[in-house]
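Visitor: I would like to learn how to read the sheet and the cores of a model such as this one. Could you take me through it feature by feature?

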Amino acid sequence: MGEAEKIQKAADVSCAHCHGALPPAAHFCPQCGSPADDHWRQPDGHLTFVHGLLSLARGLSSTQDVDALLKRIGQSSEQMLLCEASSIMLLDDEKEHLYFKVATGEKGGIVTRYKVKLGEGIAGRVAQTRESIVVNDVSKDERFGAKYDHISGFKTRSLLCVPMIAGGELVGVLEVLNKKNPDGFNEGDLSFLESLAGLGAVAIGNARVMGGFRNFYSNTIEILISAIESRDLRMAGHCFRVAQRASSLGRRLGLEGQALKDLYYAALLHDIGFLKVAGSWNASRVLIMESPHMEQTHALIGAEMVSGISILKGASGLIALHHENYDGSGFPRGLKGDEISIGGYILSTIESCEEMRMQGYSEEQVLGALKSQAGQKFHPEVAAAYYDVLQQESQSPSLKNA
Ligand SMILES: [Fe+2]
Ligand SMILES: [Fe+2]
């Protein structure tokens, strides 16, 4: 091709996004900033890239499951850079090895049980130096060890490996293998993968922090439950039983999302007010309260105790309702009818039935009470739904003691 032809060809190349002229060998469009690699210049390829990027961004912001997040990053980098495979290796707690977390491609699963020592091979060097490495022909690069190719049967021709760093700390490395374009990896690919690795590292860091919070939160709830149940020997297992039964009844009555979560946490902590009730224990370690008034007010005390915790705000309102009845015969406020939410009715119905069992009532007697007091003590629809649940359980041996 003559010089004039080359110039003409370069001038013909335009951005698939804004159609502005692209300078020769540009990696990004100077007009709109879109990536300008060969496959992105094709209209379909461009749309695929944008779609992939949007989909990945959605995933990064909505996924708190670290494993799912990493899989998504691996797949996206493989697809968007048009490669045959990708892998993500994370740094272990001792900061001495990388372990495979994700390995896509047909043979990916085979290598995931192996570890890479820091400094070993390309990935180990990237982790050690925190500098990216591009190799467009591994047969000419002595840093490449073919160990994992031998193990997996995969034939690596080219690779691009970048560090994943968040808050100055190395999280792992992200690698893509065998660029389908024969020209190999270019600076645009490198820059894109480094950006993706940075995003991924931050998302992993956030997900780990959130996981830590969730773990702390659920441990705190468990400690509170054991404190509540230790107040009275008859309470053993009561909180989890109420939560399990209230959740399944809530689902059956159409509750979902936040309403179902509020019900679950309210059920777990419904008797938390007993922690503030003064009393003593008899020989059977049954709590004798100082005054009957305390039994009457434990629902409001409990609601007040959790009301300052933002994630338990919805649960707080339900805790206050857990002894109110449909006909106004409950306590502490004697609410009735529409003054009580459906979640409140679910919780008070389950609590009432649990109390009957604690007092030695048989399942037949509990079923009888649900039927005879529907529309009086119990909300008719809630009582009917719970009656059905209990009847099904009594007919299924595996569910009988659920
Ligand atoms: Fe209770
Ligand atoms: Fe209670």
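Guide: Two strands pair if DSSP finds at least two bridges between them, and the strands themselves (E, at least two residues), like the helices (H or I, at least four residues), are DSSP runs numbered from the N terminus. Here, three bridges join β4 to β5 (residues 159-166), and the two strands run antiparallel, with V135 standing opposite L159 in β5. This is a predicted model, in which local features need pLDDT of at least 70 and side-chain atom pairs count only at pLDDT 80 or more, while totals for chains, interfaces and linings use all residues. Residues are numbered from 1 along each chain as its sequence is written, and chains are lettered from A and ligands numbered from 1 in the order in which they are written.

Visitor: What is the order of the strands in the open sheet of six strands?

Guide: The order is β3-β2-β1-β6-β5-β4, with antiparallel pairing; the edge strands, β3 (115-117) and β4 (133-135), each pair on one side only.

Visitor: Which helices pack on the sheet?

Guide: Packing is read from contacts, where two residues are in contact if their C-beta atoms, placed from the backbone, lie within 7 Å, and angles run from 0 to 180 degrees between N-to-C directions of axes, which are lines fitted to C-alpha atoms, for helices over the stretch in contact. Helix α4 (residues 66-80) touches β1 (83-91), β2 (97-103) and β6 (169-179), its direction making about 145° with that of β1. Helix α6 (residues 121-129) also packs on the sheet, and its direction makes about 30° with that of β5.

Visitor: Why is β6 described as largely enclosed?

Guide: A residue is buried if 20 or more other C-beta atoms lie within 10 Å of its own, exposed if 12 or fewer, and partly exposed in between, with C-beta atoms placed from the backbone. Eight of the 11 residues of β6 are buried, so this strand is largely enclosed by the rest of the structure.

Visitor: Which residues have the most contacts inside the largest nonpolar core?

Guide: A nonpolar core is a set of buried Ala, Val, Leu, Ile, Met, Phe, Trp, Tyr and Cys residues joined through C-beta atoms within 7 Å. The largest has 41 residues, and those with the most contacts inside it are A123, C161, V173, L174 and L193. Helix α8 (187-229) is among the elements that give two or more residues, and α8 gives the most, with seven.
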